[in-house]
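This briefing covers a single protein model, shown below. The notes after it are grouped by topic.

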Amino acid sequence: MTAQPSGYHRRVAAQKRTSIIEAATRLFLDSGYDGTSLARIAEAAGVSRATLFKQFTTKAALFEAIVTEYWKVDEEEAPLPEPGNLRAGLETIGRRYVALLTQPGMAALFRIVIAEVPRFPELGETQFKLGKMPYFESVRRYLAAENAAGTALLDDAEMAATQFLGMISNYVFWPRMLLARWEPDDTAITNAVDQAVLTMLARYGAPGTHGT
């Protein structure tokens, strides 16, 4: 019978994994994906090469882990809102999306992909398939559920999700790619989410639901 790792060993492994991911993100940004070796990442993370290779056998696998980590949403702790109140549901999703986009390292992740995708198109595919799309799909499912409940009237949940997330990210996130000091305050960010919600209600809210 194989002995199961203790809680202590699991915590240590998780801490080392976090250190590796953080070190890799920094080095990919500073030196480029191609210019960063796994050995150098191990050194920067303060772990042995054997420890790194045990968790990530290739650089591509490590990058996939970075993408998955940054886009991770714990659906047990933060489940999708139940359909029935379109305003409240969109407000919840909007606030969570802001928290996701403004977490430390997310802008760096996008900069890595943008800089390296001409030479390594697989990085863009990884970011899209493992990061953006699973999150986008969760929002699309929510809007489709509101449509089924009769609280939203839409023919294309995918387009509606694109519009809602785009209104928020175009203010909260994308300017950071060009403006190093783009740091809107909490009031401005809340207003951006509120205006996106109001726009969605005006366009897709069923009659009688705009004020709920």
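The buried residues of α1 are I20, I21, A23, A24, T25, L27 and F28, where buried means under 20% relative accessible area, exposed over 50% and partly exposed in between, with a 1.4 Å probe and protein chains only. The model is predicted, and local features need pLDDT of at least 70, side-chain atom pairs count only at pLDDT 80 or more, and totals for chains, interfaces and linings use all residues. Residues are numbered from 1 along each chain as its sequence is written, and side-chain values use heavy atoms, with hydrogens and water left out.

**Overall make-up**

- The protein has nine helices and zero strands; helices (H or I, at least four residues) and strands (E, at least two) are DSSP runs, numbered from the N terminus.
- Read from the N terminus, the order of elements is α-α-α-α-α-α-α-α-α.
- Along the principal axes, the C-alpha atoms fill a box of roughly 60 × 50 × 30 Å.
- Of the 212 residues in the protein, 40% are buried.
- Among contacts with a separation of 6 or more, 71% are between residues 24 or more positions apart; a contact means heavy atoms within 4.5 Å.

**Helix α1 and its end**

- Helix α1 covers residues 7–31, which is 25 residues, and reaches 36 Å from its first C-alpha to its last, close to the 36 Å expected at 1.5 Å a residue. The expected span is 1.5 Å times one less than the number of residues in the helix.
- The buried residues of α1 pack against α2 (38–45), α3 (49–55), α4 and α6.

**Helix α4**

- With 12 residues, α4 reaches 17 Å from its first C-alpha to its last, close to the 16 Å expected at 1.5 Å a residue.
- K59, L62, F63, A65, I66, V67 and Y70 are the buried residues of α4.
- These buried residues of α4 pack against α1, α2, α5, α6 and α7.

**Helix α5**

- The 16 residues of α5 (residues 86–101) should span 22 Å at 1.5 Å a residue, and the end C-alpha atoms of α5 are 22 Å apart, which agrees.
- Buried in α5 are L86, G89, L90, I93, G94, Y97, V98, L100 and L101.
- Seen down the axis of α5, the buried residues fall within an arc of 165°, so they line one face of the helix. The arc is that of the directions from the helix axis to the C-beta atoms.
- The cover over the buried residues of α5 includes α4 (59–70), α6 (106–116), α7 (121–149), α8 (157–172) and α9 (186–204).

- P81 sits in the loop between α4 and α5 and counts as buried because its relative accessibility is 17%.
- Leaving aside neighbours within four places in sequence, P81 is in contact with G89, T92, I93, R96 and Y142.
- P81 and T92 are 11 residues apart along the chain, and their C-alpha atoms are separated by 7.4 Å.

**The second largest pocket**

- The second largest pocket has a volume of about 230 Å³. On a 1 Å grid over the protein atoms alone, a pocket is an open set of points with protein on both sides within 12 Å along at least five of seven lines, and lining residues have an atom within 4 Å of a point. Grid points are joined across faces, edges and corners, and the volume is the space filled by probe spheres set on the points.
- Its lining has 15 residues, of which Y97, K132, F136, T162 and L165 lie nearest the centre of the pocket.
- The elements giving two or more residues to this lining are α5, α7 and α8, and α8 gives the most, with five residues.
- By type, the lining of the second largest pocket divides into 10 nonpolar, three polar and two charged residues. Ala, Val, Leu, Ile, Met, Phe, Trp, Tyr, Cys and Pro count as nonpolar, Asp, Glu, Lys and Arg as charged, and the others, Gly among them, as polar.

- A107 lies in helix α6 and is buried, with a relative accessible area of 16%.
- Not counting residues up to four places away in sequence, A107 touches F173 and M177.
- The C-alpha atoms of A107 and L62 are separated by 18 Å, and the two residues are 45 residues apart along the chain.
- M159, in helix α8, is partly exposed, with a relative accessible area of 41%.
- M159 and N85 are 74 residues apart along the chain, with their C-alpha atoms separated by 20 Å.

Methods. 1 Å grid on protein atoms, 1.4 Å probe; cavity = no way out; pocket = protein on both sides within 12 Å on 5 of 7 lines; lining within 4 Å.
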